[in-house]
Amino acid sequence: MNRVVITGLGCISPIGSSVAAFRENLFAGNTGISTIADVPDAPDGNPGVRYTQAAQVFDFDPSQHLTSGVIAASNRNTQFAIVAARQAAQQADLLKYHNPGDIAIIMGCACGGRSSEEHEVKGLYTRDARAHPLTIVRTMSSAGASQISIDLKITGPALDISTACASATHAIGLAFHMVRSGMATAAITGGHEAPLSFGFYRAWDSMRVVSPTRCRPFSADRDGMTLGEGAAIFAIETLESAQARNAPIFAEIVGFGMSADASHITNPSVEGAATAMRKALADANASPDEVGYINAHGTGTQANDSTESAAIHQVFGARAPHIPVSSTKALHGHSIGASGAIEALATILALQAQRLPHTAGVTTPDASLNVDVITGTPRPADTTRPVAISNSLAFGGLNAVIALRRFS
């Protein structure tokens, strides 16, 4: 089987719309969480919810990147995807060395063009208005994969995966397996989401899992998640092709594991999360002793952080309290289908810099979890443990974990 490496990175995120800006803010601990700004279709722009904070992208202007025709035919989430995919493909110079028909596009997007749909539904229900003729192409979840293929002229397999908060990690894992097996010689993969609409804010408010203050995972006083938006997309290919043309290699993808809790639609299970982590390590042919960093799903809810910590103990046993763990959601929020990709980007940059990002906002780590939460400032990586895992544990009990190895 082929070894698979990452040769291109791209992102649009609340902490930067370039990888350079994302890296700087990641290690500086600069959060992209701020007061919720004017929300389209909400009365006076106010969604009327019990929380005030979200992680929004403010520096993205589609007219700087896309034609008026593409802008008209796409939702914000798809526009994020096109631009982030361009960044990754151009950095890797992927299309110069791979046949477009041999490149796959595997994306994760769970919410689709939610804001476009809500706007049209509002007109329909209140004025019996005609829906905009581009409503369907703006709202379908697969629009990102389609528009990337059109923009980059890639003609290989292209599809979208929708598994709630694990969408992007499932997408990266599938793309990894396709390149490893030889089904594709390269892939564009990751996740994109722009779900911060009036109805989305209100629906999450009703679930009572959003922080009334600000997301601070693994903190003793944590009180919920903070919603976000963004995209992170990667160019991946075989190690052989990357080395043949001296392409930049940011990390190696070595394993992918997935599982289903099969127990409850919102209450996560320890066994399900542990199974996905074990499978990722087995797929990587890596031992638990090789793992030097865990980028946790770490939503900041009581249920997630306690369940994920218990799963880490189940997988790593006596080593569990000594493996550095962080959640970067306190910086970029929880962008649902895109979050696994944004967290994979943080993990890749950590492996490359041999520097582990801290969990921002923690007042006092929750001692009952008994995990080594990185707080305060980034921490030097243990160079003798080159493997990192990134967890995504979705509502519905759909779990996905990727394992990455520092490349040297």
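Let me begin with a definition: a residue is called buried when its relative accessible area is under 20%. The structure before you is a predicted model, and I shall apply that term to several parts of it.

I start with helix H9, which spans residues 198-207. Its buried residues are Phe200, Tyr201, Trp204 and Asp205. Seen down the helix axis, these buried residues fall within an arc of 135°, so they line one face of H9. As for partners, the buried residues of H9 pack against strand S3, residues 53-55, and helix H5, residues 114-127. Just after H9, arginine 208 takes a positive phi of about 60°.

Next, the loop between H9 and strand S7, where S7 covers residues 230-238. Threonine 226 lies in this loop. Is threonine 226 buried or exposed? It is buried, since its relative accessible area is 1%, and the cut-off is under 20%. A polar atom of the threonine 226 side chain lies 3.0 Å from the backbone nitrogen of cysteine 215. Leaving aside residues up to four places away in sequence, threonine 226 touches, among others, Gln53, Ala54 and Ala55. Its contacts also include Ile33, Ser211, Arg214, Gly333 and His334.

Phenylalanine 218 belongs to the loop between H9 and S7 as well, and it is buried, with a relative accessible area of 1%. Between phenylalanine 218 and isoleucine 374 there are 156 residues of sequence separation, yet their C-alpha atoms are 9.8 Å apart in space.

I turn now to a pair of helices, H8 (residues 167-181) and H14 (residues 339-353). At what angle do their axes cross? The crossing is at roughly 65°, and the axes come within 5 Å. That angle makes H8 roughly perpendicular to H14. On the H8 side, the contact is made by Ala168, Thr169 and Ile172; on the H14 side, by Gly340, Ala341 and Ala344. By class, this contact has four nonpolar residues, two polar and no charged ones.

Finally, two loop residues with positive phi. Glutamine 354, in the loop between H14 and strand S11, has a positive phi near 50° and is partly exposed, at 32% relative accessible area. Asparagine 285, in the loop between helix H11 and strand S9, has a positive phi of about 55°. This asparagine is exposed, with a relative accessible area of 71%.

Technical notes:
Residues are numbered from 1 along each chain as its sequence is written. This is a predicted model: local features need pLDDT of at least 70, side-chain atom pairs count only at pLDDT 80 or more; totals for chains, interfaces and linings use all residues. Side-chain values use heavy atoms; hydrogens and water are left out. Buried means under 20% relative accessible area, exposed over 50%, partly exposed in between (1.4 Å probe, protein chains only). Helices (H or I, at least four residues) and strands (E, at least two) are DSSP runs, numbered from the N terminus. The arc is that of the directions from the helix axis to the C-beta atoms. Contact means heavy atoms within 4.5 Å. Axes are lines fitted to C-alpha atoms, for helices over the stretch in contact, and angles run from 0 to 180 degrees between N-to-C directions. Angles under 35 degrees count as roughly parallel, over 145 as roughly antiparallel, 65 to 115 as roughly perpendicular and the rest as oblique. Ala, Val, Leu, Ile, Met, Phe, Trp, Tyr, Cys and Pro count as nonpolar, Asp, Glu, Lys and Arg as charged, and the others, Gly among them, as polar. A polar contact is a pair of N or O atoms within 3.5 Å; within protein, one must be able to donate a hydrogen and the other to accept it, and residues adjacent in sequence count only if both atoms are side-chain atoms.
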